[in-house]
Amino acid sequence: MAHSYFSEFYKKTKTERTQALLDAGVINEQDRLFLSEKTLLPDQIADHMIENQLTQYALPLGVALNFLIDHHSFTIPMVTEEPSVIAAASSAAKLVAQAGGFKTHLTERKMIGQIALKNVSNLTFALEQLSLHKETILKKANAAHPSIVKRGGGAGDVNFRTIAATERSPEFLVVHVHVNVLEAMGANIVNTMMEAVTSYIEDITDGTALMSILSNYATECLATATCQIPTDLLSRGDFTGEEVRDRIIEASQFAYVDPYRATTHNKGIMNGVDAVVLASGNDWRAVEAGAHAYAAKSGQYRALSVWEKADNGDLIGSLTLPLPVGFVGGSIGIHPTAQFSQRLLSIKTAKELESVIVSVGLAQNFSALRALVTEGIQKGHMGLQAKSLAINAGATGDNIELVANGLKKSTHMNLEIAIKLLDAIQHQK
Ligand code: MEV
C-alpha cells in the first residue's frame, strides 16, 4: 500500500521524497532523473512559447497525498506559492479516504463557439435560415478541422440566441456551435471552426459578424465531485463531530447568500484547482473565468460548493465546476514538467484530469471550512508560513528550521521577530 511509503512525507528530504515515490511505484527511474536535474524549461522551448522572452519565473511543484477518487489512489502534482495549500488538500484527502473517497461525475466534454451578429435586418428570416442550414454549418465547421472528426469528436449542434437591444448595446443574434473536443481543451479547434463558418453565416442571415470566438463559460464541460463524511471523523479540538458538521453546513449557507463570503470561499476552492491546472500545463485563466461565471449562474455570485446533512447524519459535500482542461494540445506536449505531472498522476484522459481537479477543489474547501469554523485559519497557516518568514529574514540551511520553530513558539509571528531570532541563533553558534 503506497500510504506507508508516504508517512511523514513532509519531514523527508527531497531525495527521500523522490525515493519514496519511486518505492511506491508512483514514478519510475526516468522520473527520478528528471527530478534530480534542473527542471527549468529548456531555453529553446521557453523562447518559442512566448514573445520577447527574457527569463523564467519559477514556482514550486509539490505533491498532494492520500487522494482516493472513484476508488483509485492518486498522488497529485500541485504548483503553488501558498505555503498551506498542499498540506490542507492532503489532510482533507486523508479524512475523505477513510470515508470511501471522492466520487465524481462528468458531462461530455463539449465547448461552445460563438458568432455575434449585428445589423440583422430581418430577425425572423435570419433565424429561419439558421435552422434550415444547421447541417451545412456543421459540415463547414467540421471540414475546417477534420482531424478532430476523424478521432470521433467535432461540431455536433448549432443553437441561436437573440439578445435584445438595451440603452448601452444594439440587438445581437448569437450563433452557438457545440463542439466535442475530446482530449483537447479545444480553444484552437473551436476558434478555427468558428472563423471558418463566419462568412457563410453572414451570407445566410444577412447580418454582420462582430466576432467569432470560443466561450470560456464551459457549461457543457462540467465536473462534479462529492464526498460523504461520518461525524465521528469530524471532531476537532473542543468541537464534537456533529458541531463541526453543522458549522460547515452553516458556512456553506453563509457563502450561498453573501457574495463577499462566496468570493473568499471560492478563492479557497481555486487554491487547489489552479495548482493542479497549472501543474498539468493547462490554461488556468480559462478555468478561473469559467468557474466564477458559473458561480454567478443564478444572477447572484454564490459559493461553488454545497455542504449538507445526509439522512444518516453524515456530512455531504459537493462541488461542480466547468473544467475545460486538456490532456493534449496547447503547451502540454512540449512542457517537460506538465508531461511529468501526467506521468505522476498516471492518467490517460482529460476526463480523469477533470475528476482529479474537482476533487482537489472540494478537499481544499473542506479543509478551509473546517479550520474556519473551529480553531480559525491562522494557526495552521502561520505554522507553514514560519519557514517563508525565516527565509525572508535571511536564514539559510539549518537556521531556517530553527527560526521557524522559534516563530511558532512566539506570541507573534512577523519578519521583525524572525530577524531577531536569526540574530540570536547566529550569535549562539
Ligand atoms: C486562503 O488562501 C483561502 C481561504 O480564505 C478560503 C476560505 O476562506 O474559505 C482560507
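**Note on helix packing and the ligand site**

1. In helix H16, residues Asn399, Leu402, Val403, Gly406 and Leu407 touch Ile417, Ala418, Leu421, Leu422, Ile425 and Gln426 of helix H17; contact here means heavy atoms within 4.5 Å. Sorted by class, the residues of this contact comprise 8 nonpolar, 3 polar and no charged. In this classification Ala, Val, Leu, Ile, Met, Phe, Trp, Tyr, Cys and Pro are nonpolar, Asp, Glu, Lys and Arg are charged, and the others, Gly among them, are polar.

2. The model is predicted: local features need pLDDT of at least 70, side-chain atom pairs count only at pLDDT 80 or more, and totals for chains, interfaces and linings use all residues. Residues are numbered from 1 along each chain as its sequence is written, and side-chain values use heavy atoms, with hydrogens and water left out.

3. H16 spans residues 398–409 and H17 spans residues 415–428; the two pack at about 125°, with axes 9 Å apart. Helices are DSSP runs (H or I, at least four residues), numbered from the N terminus. Axes are lines fitted to C-alpha atoms over the stretch in contact, and angles run from 0 to 180 degrees between N-to-C directions. H16 and H17 are therefore oblique to each other, a term for angles left over once those under 35 degrees (roughly parallel), over 145 (roughly antiparallel) and 65 to 115 (roughly perpendicular) are set aside. The crossing of H16 and H17 is right-handed; in such a crossing the near helix is turned clockwise from the far one by less than a right angle, and in a left-handed one anticlockwise.

4. Helix H10 (residues 241–257) packs against helix H11 (residues 259–279) at about 115°, their axes 6 Å apart, in a left-handed crossing. Phe254, Ala255 and Val257 of H10 meet Pro259, Arg261, Ala262 and His265 of H11. This contact of H10 with H11 has 5 nonpolar, 1 polar and 1 charged residues.

5. Which residues surround the ligand? They are Glu82, Arg261, Thr264, His265, Lys267, Gly268, Asn271, Ala368, Leu372 and Ile377, where a residue is near if one of its heavy atoms lies within 4 Å. Ligand oxygen atoms lie 2.7 Å from a side-chain N or O atom of glutamate 82, 2.7 Å from a polar side-chain atom of arginine 261, and 2.9 Å from a side-chain N or O atom of asparagine 271.

Terms used: A polar contact is a pair of N or O atoms within 3.5 Å; within protein, one must be able to donate a hydrogen and the other to accept it, and residues adjacent in sequence count only if both atoms are side-chain atoms.
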